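I opened the notebook today to look at ring contacts and helix packing. Here is what I looked up, entry by entry.

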Amino acid sequence: MRTDTGHRIYIHNTNCSLVKSNGTTQHTLRLRVTHGSNRIDLRTRIRVEPKLWDKRKQRVKQGYNVNGCSYNDVNSTINTYIQFVDDYFHECELMKRDPVLTDLRAKFNYAFKQTNEQRSSEFFLLFNEYIQEQAGVKGWGKDMVDVYTRLRDKLQKFNPNLTFLTLNTKNLEAIKIHLSESMYNDALKKNLAYLKSFVKWAKEKHYTVCEEFDSYKPKLPKGHISVKYLSLDELDRIYNLKLEEGSALDQTRDFFIFQCYTALRYSDLKQLRPDNITKSDDGKFIIRLLTEKDDDAVSYPLAQRAVEIYKKYSTHIYDGGRLFPILSNQKYNEHLKELGKKANFTGEWIDYEYRLQEKIEVHTPKCDLSTHTARRTFIVTALNEGVSTNLIMLITSHSDYKAMTPYIKATMKGTGSVIDALDKTYKSKMKVEV
């Protein structure tokens with residue numbers, strides 16, 4: 001029903017009674033909850049002999065003990081059960097949500113009928129269910145599944161008895177500190193967001209979560225990470241290395257150069273098939289691909305060096321119908337670092353990371369190449385050559401302009417154009433004064 005103000009009030013009734021249990025003189029306490037024309041039975045762990053039960057008061061008779069517990073303690077527990085039911089209906093009123101009695105039973109069983117061991121097992125069993133379900137619903141690839149799996153393992157290492165009800169501010173702070181031991185703040189923020197996504201999913205499935213969880217929003221300083229890329233001269237040094245034909249290093253060099261001239265991620269390079277590249281009427285080779293990460297369709301002509309590498313491998317079809325005999329991501333990155341050393345890259349990139357509130361200066365040798373270096377090299381090179389950001393985004397499948405900001409900051413032409421403009425203004429002013 002509704003009040004004159006439109007506020008919902010859900011009328012319900014909770015009746016306590018005993019139900020005969022097979023093979024014992026004690027009967028099980030049952031709460032029968034009625035709402036409208038619907039009703040549901042909530043069975044408890046309390047066992048009482050009928051002679052000790054007051055049917056009119058629906059409580060244990062005064063002065064008696066039940067299984068070693070005083071009548072006051074047992075009746076107090078019954079009051080707690082009834083208050084739990086009342087709170088559920090009150091919450092539905094506040095949330096303007098229709099009560100679902102099966103939902104009430106699930107919440108009741110979770111709160112009162114499970115042992116701590118069952119609850120802790122449930123948290124991680126549900127985490128596994130969440131990963132499996134979301135991998136199907138959202139189409140997660142192996143990398144995303146691995147991210148959530150690693151988070152689950154870290155949480156289990158932190159506390160194998162973790163439950164939704166123990167996710168209070170104190171424990172969340174402890175989880176934050178535990179995760180920070182193996183990651184900087186940027187990764188820590190992502191993992192806390194992943195945890196929040198899982199808990200939100202559990203709440204939607206009517207699991208009771210500690211009220212403090214939603215209000216937990218730690219302030220974590222953001223790191224300042226340099227865009228690690230190669231100049232065209234450095235790229236030529238990789239290209240011109242004398243390597244054994246067909247060796248793992250030779251293949252790694254080819255794949256890396258191909259990435260640098262196409263902006264493909266490793267995941268896209270790995271799925272590339274011969275029919276993703278076709279020849280147009282004017283003789284240009286065109287790559288057409290649905291990207292793995294963004295599920296975005298890209299199409300553009302190949303640069304000449306990319307064409308050379310394509311022709312080198314196109315005469316053979318590799319495992320899974322792939323264009324290239326791709327190495328594992330780990331092996332690929334290991335070989336890339338070896339290539340960087342062979343090219344004699346010197347110097348280092350300096351990043352400023354944070355671990356909680358502590359600022360840490362991280363030095364990365366420029367010879368430590370990775371698959372990400374190739375994509376960054378493409379973007380920074382294009383920006384330095386004056387290609388518009390919008391055109392670059394069409395090739396790289398970036399949908400958010402903000403994602404391009406670090407690359408724009410990294411370009412000499414980007415920052416140099418500002419200085420050139422200031423110098424031009426200064427020179428003009430000097431001519432007028434003369």
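Entry 1, charges over rings. I started with W349 and found K366 lying over its face, at 4.6 Å from the ring centre. This is a predicted model, so I kept in mind that side-chain atom pairs count only at pLDDT 80 or more. I then turned to Y239, where the charged end of R305 sits over the ring, 3.8 Å from its centre.

I looked at F123 and F124: the ring centres are 5.0 Å apart and the planes stand at 80 degrees, over the 60 needed, so I noted the pair as edge-to-face. F123 and F124 are both buried.

Next I checked F127 with F198, and this aromatic pair is stacked, with 4.2 Å from centre to centre and 25 degrees between the planes. I liked this one, as the pair links distant parts of the chain: F127 belongs to helix α3 (residues 116-137) and F198 to helix α6 (residues 185-204), 71 residues apart. Both F127 and F198 are buried.

I also traced one aromatic cluster, which has F123, F124, F127 and F198 among its members, along with Y130, W140 and W201.

Which residues of helix α7 (residues 232-239) are buried? I found E234, L235 and I238. They cover an arc of only 100 degrees around the axis, so they lie on the same side of α7. For their partners, I noted that the buried residues of α7 pack against α8 (248-260), α11 (329-342) and α12 (371-384).

Terms used
Residues numbered from 1 in each chain as written. Predicted model: local features only at pLDDT ≥ 70, side-chain atom pairs only at ≥ 80, totals over all residues. Heavy atoms only, no water. Phe/Tyr/Trp six-rings, centres within 6.5 Å; stacked < 30°, edge-to-face > 60°. Buried < 20%, exposed > 50% of the residue type's maximum accessible area, 1.4 Å probe, protein only. Helix = DSSP H or I, 4+ residues; strand = E, 2+ residues; numbered from the N terminus. Lys NZ or Arg CZ within 6 Å of the ring centre and 35° of its normal. Arc of directions from axis to C-beta. Contact = heavy atoms within 4.5 Å.
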